[in-house]
Amino acid sequence: MTEIPANNPVGDFLRANLPAPWAAIGNGLIAVAALAGLVTVTAIFLIWLERKVCAHFQARLGPTRVGPFGLLQPIADAIKLLMKENVKPRGVDALAYFLAPLLPITGSFLVLAVIPFGPTLQVVDLQAGVVYVVAVSGLGILGILIGGWGSNNKYSLLGSMRSGAQLFSYELSMVLCMLLIVMGSGTASLREIVLSQQGPFWHWWIIKMPLAGVAAFVLFMVSSTAELNRGPLDLSEAESELTGGFHTEYTGISFSMFFLAEFVNMFASAGLGATLFLGGFLPVQLGYAPVDHALAMLPGVCWFFAKTYSLIFLYMWFRWTFPRLRIDHLLSLEWKFLLPASMANMLLGATLVAFRWIIP
Amino acid sequence: MEALKTSAPALPPGFSLRETRADGSQEYFLNMGPQHPSTHGVLKLVVRLDGETVVEVVPHLGFIHRAIEKMGENETFVQYIHLTDRMDYLSSHINNLGVCMAIEKAMGIGVPERGEYIRVLVSELQRIQSHLLWWGAFGMDLGAVSAFLYGFKEREKITQLFEELCGARLTMNFFRPGGSNADVPEGFIGKVKELLEEMKFSLDEFDTLISKNMIIRERCFGVGRLSRERAANYGCSGPVGRASGVDFDVRRDDPYSIYDRFKFEVPLGSNGDCLDRYLVRIAEMRQSVRILEQVVAAFPEGQYRSKEKASYKVPAGSYFSAVETARGMFGTYFVSDNSFKPYRVKSRSPNFSNLSALNEMAQGGKIADLVAILSTLDLIIPDIDR
Amino acid sequence: MSEETPKPDATPEVKPAEAKPAAPPPPPPVTYPRSAGVTMAAAPKASLSRFLGDAFGLFKGMNVTMRYFRKPSRIVTREYPENRGTLKMSERFRGQVVMPHDEKNEHTCTACTLCEKACPNGSISILTTKNLASKRVLGAFVYRLSSCTLCNLCIEACPFDAIRMGHGFEMATFTRDPLDLILNKTEGR
Amino acid sequence: MGLMGGSPLTGPGPEGIQPGPDGGFPPLPETGGLTNAVDWVVGWARSNSLWPLVFGTSCCAIEMMATGASHNDWARFGLEVARASPRQADLIILAGTIVEKMGSRLITLYEQMPGPKYVIAMGACTISGGPFYYDSYSVVKGADRLIPVDVYVPGCPPRPEALLYGVMKLQELIKKGAWRNSLIPRPINHAPFKDEMSETAREWEAKEKLKQEGMKEAQEKFKAENPDFKGVVIKRVAAPKFDEVARVVRPARGLPPAEILALLKTFFPTLGVYNLPEPDAAKLAALGPEYVLDLTVPKEDYLPLISLLRDDARFKLDFLIELTAVDWKDRFEVIVHLLSTEKGHKVFLRCALPHDAHPELPSLTDLFSAANWHEREAWDFFGIRFTGHPDLRRLFLDDDFPGHPLRKDFEDPSRVVKRPY
């Protein structure tokens, strides 16, 4: 296993030229600004991508008239949402109502902090990275619950209660899938999980751990779709049933926060999947040296984004193909199928790890 | 208008708003509609819920009640045809046909051979068109948005054919007593033939995407059941009735136009649930394709309408005609006092009776089931409210 | 087959008026019981093979959407404002009522009010005037597009072919008033 | 030819809606460059991000959906984010007739939308009431009487391209009057509704009178100069001629009427047949093979007879087609149409009731669940009270609607514009 240094030139420059506390603060500020930029650009790009991809799945064109290929469409939407009247409906719990939209976006922002975008591009590499991700992503659920409750609307309440039941239960199987990788790689740091997958592509955890890896990946994709509130598991919004679910009463900028968080979450979740199962920022290696060298020429960031966006495409493909599940089917799917399956998968993985039946 | 007032929804007797049970839990009411994506228009449902389980559904009608029957009393018989376009606008050709048949019955007007063929051709195209739209809307209600667009995409082909035929896409006003107001345009039959071939392919695609989808089957099987006896008692006709086993199709059992010349089957359901209603409609589209194939194979030459009457003064009496629209039995009842305008006109709308069975179907299900049931009822609210 | 049939506006050959044709014999009565409807098969029972088949069916469904995604040639969108130049309505399209005028700016309306009577919505007002020769002629053909349902009854009623259905559809306005039109450019003859 | 004003001929426009010189808003006052730049950007954003509310009442909604579907794809304009919640919508496309009962809800929806908000009136019904302008007691005669409308798209229904054109018009409007004007609500139409046809004719007559007086001399002069002028003769266009075709009569299914009558007479000897005194088999046969038995039932036999028809194995009339009433000015007739789904025959019944405020008849709800709503409809329209009905409320109209509209003596000038012809 080759060591890849974690230092990046910006950090090195700061440390060399500033006293220690200032260097840390400067480093942090630059990281936050970069993340904020990433969040905005990603969200806007994803909104455009979703609309285009969805259109092409449906034999139509999607946005074309605003900017080239409709690329400016989400920007127009964003400006409009910012300029829209912000209404506080009668009877809402003002604190909960206005606090709620901030939580999901904060949650996804914090998740992005530990994701290694490239060999030297990571805000912070926590030793308990996986645990941190699980903990922080709960903020989003909290936001939805508070927002649904604070809206004083029956549809919102139904939507948020649904999402409470849904998200808490799907979190279980998602965590179990992540634990499998932690078990295999022997570390909870996301950077080190990536580094444990070096080598040709069969060293990625999806294949490295025979059978259990693929199973875990499928389970992860299903449960993260539910975590993301995306179709076919978007029960908390369920437009045809609950008009808008938890965000029925939200307007303008508060609504755009939910809207933004949905897409940033998708990015974070897909990034997590790529990190855990598909070798993160590591280049695709086919085990044939000349090709491998050529592939390794591309920087790690590109590989990370390529892998992440393929997973995002998968999410979109699910959404624009499948009908929505019913709430009781959704819960029985989790408790009667996914959870037992991921537990069995854990056992299988533990056996594989214990007996070293892992692709070397 | 000064008469505009918000009136509190009246609740039926024995319908209290709060009911606290021993464990402190309560039932509550949810107003679905009049502006709600799954009510397909402006239907209002007052739903009594226990958690997410539906205890009772009370439909409130009249949000699109346009007084068509009153207006019919002040319009001539022929003018009334165009009002029926706006009732069940997805079966507008068939509605027109129903009115024309009542006038023909009253005045003894015959229809030439080619006219009859045009009538069957157009009616069946209309039925497919309506079912395609329903299929899309069904997919959308259950969360499969792409299905909605595929359904519309296929429907658009028929809509374009209709535009070529009569110049309108939705409100046709095409049939007249004694035939239709125009002949089929050149090359129309060839286009219908092409369409039928495409249709078979699309129907298979629909099956793969939705009919065989596990989620759909799970969500529809055993949901919203209605027995044969209850369905007949509620006056459910069309696919809704037939899915419950009410073996009645006006085209076969009280044949009008020349439906008795064509071979087709009437698909029946055995469970009367949402899945059966879904499958019956899909099977009906295939049967309509079958009828259309027979129609285009034997499309005759000749005049498309009989001699036009100078005026339509209907002799005194009452006249009833029934046709099978995409939703069931559409009846037209004219009472005439020997004048140019009907004394009273009543349109029996299939949706009206089909919807009345909703409460019985939805009880005990979830909100999502209610949406599935509404969707498989295939409601056109202006047809209910008239 | 249908290609040789006359167009609706062409005049077909006038056949000599015959005596009322004898009524054809009624079709033979269908006796009950009739052919029964076909009951469809109920859903099969739950089994592992069915479950696997169903799960496979999900992938087949994904294949359907993917087929659309893969083939941009299946995109059917007509780009309306861009295709304005090539957009052609079908011949019978009913967009709005128009009154054709000849090169001398004259129309063929005689103010007979048949269309006014045929209109179910009161969208047409025929306003007459007297011309120099004291003859009653058309003064203004008021056509309220705001309430017109494009039902074609006025065009069918017109014995002089003075009004037709036009193909224009770009008629959106900011106020209601421009939707009340006067169709004739000159007084009647 | 567009004429400003309430009528096409004369008169100023309705108060409030004062279009600028180019038909749109008045232009913005001159301001600084930065403000104008912000205006431009915001106007651009708003006009390109119109999220419509999922709102459709009738036929136009289908064309609205067709606009969103693949063939026309309003996503190209950024419109595909249709919101079911008014809180997130910018645009209401009024697709379909607005009736009085829906009107209050529409106003609520409009008020729930945060500004800036726009309204497109799609189709004849929302512009002026359209086909439901005359004689309708429930249709609002133009949605701009309830909420301000920005763009009117005529048609019935307008084809998808016409709606897209309307959207483009709206974009034009927003770009013109973005930032500051957009939050100012546009006024609604308060003009009283009138019989437009007669009004136009009256105005024309007045003008015409003046004109004729002025022309009198010229006419006389013309007559003197051209004594044998016959005027221009416009030829009729030959209409296509068609032969008369004899009607094919299909015999009614199931039991023949004479047999049903004979069977029923054994139970109810007072039963009559409508328009046929002293009916017998020969008289019934003379009415033709498609005749459906039309019985007149005395009030006391009404329930037992229908119960017999439903339950007796010989009739098996298990399907209530419809139940309605006719107002004959001196009496009401309740009309019941029954069908046997197994045997195929129909039986029509009519039961005469006195022309009272609220005549009474036993309810059929115990026999047919379908009768529940049919009877509520008859109560709503005619004021016929069905005793024993579990839930006899108005079905379509508001509870405070005055009178029963399908009675022949129903008058309500505050709602109904009578047809002048």
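**The largest nonpolar core**

Start with the largest nonpolar core, which has 366 residues. A nonpolar core is a set of buried Ala, Val, Leu, Ile, Met, Phe, Trp, Tyr and Cys residues joined through C-beta atoms within 7 Å. Buried means that 20 or more other C-beta atoms lie within 10 Å of a residue's own; exposed means 12 or fewer, and partly exposed is in between, with C-beta atoms placed from the backbone. Select Ile373(B), Leu94(D), Ile120(D), Ala121(D), Met122(D) and Val334(D): these touch the most other members. Now pick helix α12 of chain A, residues 252–277, which gives the most to this core, 16 residues. Helices (H or I, at least four residues) and strands (E, at least two) are DSSP runs, numbered from the N terminus.

This is a predicted model: local features need pLDDT of at least 70, side-chain atom pairs count only at pLDDT 80 or more, and totals for chains, interfaces and linings use all residues. Residues are numbered from 1 along each chain as its sequence is written, while chains are lettered from A and ligands numbered from 1 in the order in which they are written.

**Around Ile373(B)**

Zoom in on Ile373(B). Setting aside neighbours within four places in sequence, Ile373(B) is in contact with Val223(B), Gly224(B), Cys274(B), Leu358(B), Met361(B) and Ala362(B). Contact means C-beta atoms, placed from the backbone, within 7 Å. Another core, of seven residues, lies apart from the largest one; Val66(A), Ala76(A), Met83(A) and Ala45(D) are among them.

**Where B meets D**

Show chains B and D together. Their contact takes 68 residues from chain B and 74 residues from chain D. On the chain B side, α5(B) has the largest share, four residues. That side divides into 32 nonpolar, 17 polar and 19 charged residues. Here Ala, Val, Leu, Ile, Met, Phe, Trp, Tyr, Cys and Pro count as nonpolar, Asp, Glu, Lys and Arg as charged, and the others, Gly among them, as polar.

**Chain A**

Switch to chain A. Look for 15 helices and zero strands. Its C-alpha trace spans about 60 × 55 × 45 Å along its principal axes. Buried residues make up 53% of the 360 residues in chain A.

**Helix α5 of chain D**

Finish on α5(D), residues 160–176. This helix has 17 residues and reaches 24 Å from first C-alpha to last, close to the 24 Å expected at 1.5 Å a residue. The expected span is 1.5 Å times one less than the number of residues. Of its 17 residues, 12 are buried, so α5(D) is largely enclosed by the rest of the structure. Buried positions include Pro160(D), Tyr165(D), Lys169(D) and Ile174(D).

Note on methods:
Two residues are in contact if their C-beta atoms, placed from the backbone, lie within 7 Å.
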